[in-house]
Amino acid sequence: MTVLDVRPDTTSSWRPPTARRPAPRVLRGRDGDPAWVRPGVLSLLAGTAVLYLWGLGSSGWANSFYSAAAQASTHSWKALFFGSLDSANSITVDKPPAALWVMDLSARLFGLSSWSILVPEALMGVATVGLIYLTVRRIFSPAAGLLAGAVMALTPVTTLMFRFNNPDALLVLLVVAAAYAVTRAVESAASGASTRWLLLAGLLVGTGFITKMMQAFLVVPAFGLAYLVAADTTLRRRIGQLLAAGAAMLVASGWWVAIVTLWPADARPYVGGSQDNSVLSLIVGYNGLGRLTGHEAGSVGIDGVGKPGLLRLFSTQFGGQCSWLLPAALLLLVATLWLSRHAPRTDPRRAQLVLWGGWLLVTGATFSMMSGITHPYYTVALAPATSVLVGIGATSLWARREERLARVVLAGAVALTAWWSVQLLDRTPGWQLWLRLLVLFAGGAAVVGIATTPLHRRRRESLIAAAALVASLAGPAAYSVVTATRPHTGSLPMAGPVITPARTLDADAATHRNGGLLDAPTVPHALATVLAAGAAGYRWVAATVGSEDAAGYQLASRRPVMSIGGYNGTDPSPTSARFESLVAQGQVHYFIPGGAGLSGDGSNTGTTPAAQITAWVEANFRPATVDGTTLYDLSTN
């Protein structure tokens with residue numbers, strides 16, 4: 001036996017191995033996590049960022065209505081606070097201003113541009129996907145969180161709205177953050193730390209109210225029920241904590257409303273969307289009960305597309321936006337609730353089912369049955385609940401795949417999703433025909449595999465899971481990619497490929513489907529030059545009927561333009577007498593004819609202030625034409 005000489009050889013380049021420095025926590029993730037978890041999370045967030053940011057500037061001003069308000073805020077802090085459409089503060093937009101504040105501050109920091117307005121929306125989308133992952137993995141597993149996050153990121157209407165500047169992006173981020181807070185509250189109830197989480201949830205939902213008013217409250221029943229049912233503390237304490245959270249919600253939602261209400265009406269802009277210059281009327285009427293009943297003062301008769309009913313979300317206009325995995329989410333919700341029937345009251349997993357299931361059912365029922373103004377893009381509010389229920393349902397049943405019920409439900413969910421995806425793809429005749437075959441093949445393979453593959457064959461199970469993912473996500477992913485590759489403008493954007501009127505679509509529905517309805521006009525350069533050159537000495541460089549036209553002229557000239565009648569020309573602002581007085585004082589330079597003031601049913605009665613103002617201008621001033629656009633110089637008769 002010889003002794004091995006372990007002294008280092010100084011004649012070679014070999015050196016004793018040194019201890020490896022551990023990878024940064026951001027790369028290696030939490031202790032105990034499998035090695036794939038953190039790369040998976042980073043890939044999910046990076047992929048979401050690419051999808052939401054790629055070619056973002058192609059949409060230009062996107063919804064010019066809100067972009068014009070952002071432009072106004074860069075010149076007036078008063079316009080920023082109230083959400084005015086113009087920096088001269090004639091009228092506000094028809095929503096509260098929280099979503100505008102994000103764009104406003106970005107435009108002030110980086111200058112007004114398409115990117116400064118839209119990039120914050122995309123980043124809110126990435127944050128939302130990250131919050132969904134964190135919420136789900138906290139109670140279930142990293143795999144469940146990743147699946148939920150991927151479904152959220154790839155839902156077509158989600159891709160659309162996080163690349164657009166409507167209020168929905170901020171609203172969704174706020175209510176998802178509130179859901180995370182409620183999850184933490186349920187989790188920490190036994191330790192006594194839940195109150196602060198519930199208060200945070202109330203503040204977040206309240207901020208959602210000053211983003212899009214009553215829609216933010218649709219999640220409240222589910223949040224309250226989840227905590228009331230599952231929190232590990234006394235019933236008396238649970239009720240008291242929920243009342244405190246409700247108070248926090250009212251404070252967060254009411255402070256801006258109180259200031260606007262108490263502010264002298266003649267010292268602030270008119271409250272757009274109301275018929276009496278009252279923010280309370282806006283809350284209860286146009287943006288509140290009127291959306292449910294259809295009795296909205298000032299509505300132009302456009303109630304979205306699709307008739308009210310239980311199947312509205314699956315209709316031609318709504319289905320491709322949000323419903324790809326909606327049937328599967330409902331099936332998985334029922335199955336997982338049944339399997340948790342013997343769990344203790346405080347089971348956190350069932351609490352999550354109550355929270356997200358209640359969110360889906362209440363919001364879905366509201367959107368399905370409301371008779372007032374309803375647009376397909378509203379359904380972005382369903383995406384978080386649908387995504388989470390798919391994530392937790394699929395992974396929970398997969399973990400129990402040795403049970404017959406779990407295998408049957410999983411196979412049924414995949415089959416149902418594949419079939420419905422093909423139905424939705426068939427609504428775009430001739431578009432990507434190969435995709436239908438891929439979905440059918442992958443779905444069939446996954447269903448057969450789930451039903452017949454022996455347990456614990458990892459390679460086969462991996463192939464089955466991959467086939468199920470392709471069958472479930474290929475359709476919405478394709479819609480999302482095509483959504484990200486084309487511009488979206490106007491007030492009624494739609495996700496997915498452009499289609500033309502066909503047997504299933506009438507002309508109005510096709511206009512909605514392709515976008516461009518209620519879009520700002522393309523302003524000729526010569527006209528913008530004339531407006532800007534004549535701005536000196538005038539409070540408003542021009543006035544026109546309707547906010548979309550006003551926004552287009554304002555963004556082109558970078559000067560305040562008065563929107564007569566507000567968004568659709570029906571608001572009594574300004575009155576005919578008030579407008580004539582402003583003209584006499586030399587505060588308005590030009591008048592550009594637009595859409596006549598419409599009555600509530602969409603007809604032109606000629607009795608609205610907008611119609612009266614138009615008639616007065618046409619009777620007292622001479623028209624001129626600049627590059628094909630008619631305008632009246634109000635400085636001379």
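Visitor: Among contacts between residues at least 6 apart in sequence, how many join residues at least 24 apart?

Guide: The figure is 72% for this chain. Keep in mind that the model is predicted.

Visitor: What does the chain consist of, in helices and strands?

Guide: There are 25 helices and 5 strands. The chain has 637 residues, and 57% of them count as buried.

Visitor: Which residues touch the most other members of the largest nonpolar core?

Guide: Phe223 and Trp359 do, in a core of 170 residues. The element that gives the most to this core is helix 9, residues 168–187, which supplies 16 residues.

Visitor: What does phenylalanine 223 touch, leaving out residues up to four places away in sequence?

Guide: Phenylalanine 223 touches Val175, Ala178, Ala179 and Val182, along with Val205, Leu355 and Trp359.

Visitor: What is in the second core?

Guide: That core is separate and has 17 residues, including Met562, Leu582, Val588 and Tyr632.

Visitor: Changing topic to helix packing. At what angle do helix 16 and helix 17 cross?

Guide: Roughly 140 degrees, with the axes of helix 16 (residues 348–369) and helix 17 (residues 383–399) coming within 8 Å. At that angle helix 16 is oblique to helix 17.

Visitor: Left-handed or right-handed?

Guide: The crossing of helix 16 and helix 17 is left-handed.

Visitor: Which residues meet there?

Guide: From helix 16 there are Leu353, Trp356, Gly357, Trp359 and Leu360. From helix 17 there are Pro384, Ala385, Thr386, Val388, Leu389 and Ile392. By class, this contact has 9 nonpolar residues, 2 polar and no charged.

Visitor: On to helix 23. Why is helix 23 described as largely enclosed by the rest of the structure?

Guide: Because 10 of the 11 residues of helix 23 (residues 547–557) are buried. The buried residues are Ser547, Glu548, Asp549, Ala550, Ala551, Gly552, Tyr553, Gln554, Leu555 and Ser557.

Visitor: What covers the buried residues of helix 23?

Guide: The cover includes helix 3 (64–73) and helix 22 (525–533). Strand 1 (540–545), strand 2 (561–564), strand 3 (588–592) and strand 5 (629–633) are also among the covering elements.

Visitor: What comes just after helix 23?

Guide: Arginine 558, which takes a positive phi of about 60 degrees.

Visitor: Where else is phi positive in a residue that is not a glycine?

Guide: One case is asparagine 89, with phi of about 60 degrees. Asparagine 89 lies in the loop between helix 4 (77–82) and helix 5 (98–110). Another is glutamine 432, where phi is near 50 degrees. Glutamine 432 is in the loop between helix 18 and helix 19 (433–452).

Visitor: Asparagine 89, buried or exposed?

Guide: Asparagine 89 counts as buried, because its relative accessibility is 11% and the cut-off for buried is under 20%. Glutamine 432, at 33% relative accessibility, counts as partly exposed.

Visitor: Which residues does the cis peptide bond join?

Guide: Serine 573 and proline 574, with omega of about -10 degrees. Proline 574 is in the loop between strand 2 and helix 24 (576–584).

Visitor: Last one. Where is alanine 615 found?

Guide: Alanine 615 is in helix 25, residues 609–620. With a relative accessibility of 45%, alanine 615 counts as partly exposed.

How values were computed. Residues numbered from 1 in each chain as written. Predicted model: local features only at pLDDT ≥ 70, side-chain atom pairs only at ≥ 80, totals over all residues. Heavy atoms only, no water. Core = buried A, V, L, I, M, F, W, Y, C linked by side-chain atoms within 4.5 Å. Buried < 20%, exposed > 50% of the residue type's maximum accessible area, 1.4 Å probe, protein only. Helix = DSSP H or I, 4+ residues; strand = E, 2+ residues; numbered from the N terminus. Contact = heavy atoms within 4.5 Å. Axes fitted to C-alpha atoms, helices over the stretch in contact; angles between N-to-C directions. Parallel < 35°, antiparallel > 145°, perpendicular 65-115°, else oblique. Left-handed = near helix turned anticlockwise from the far one by under 90°. Nonpolar A, V, L, I, M, F, W, Y, C, P; charged D, E, K, R; others polar.
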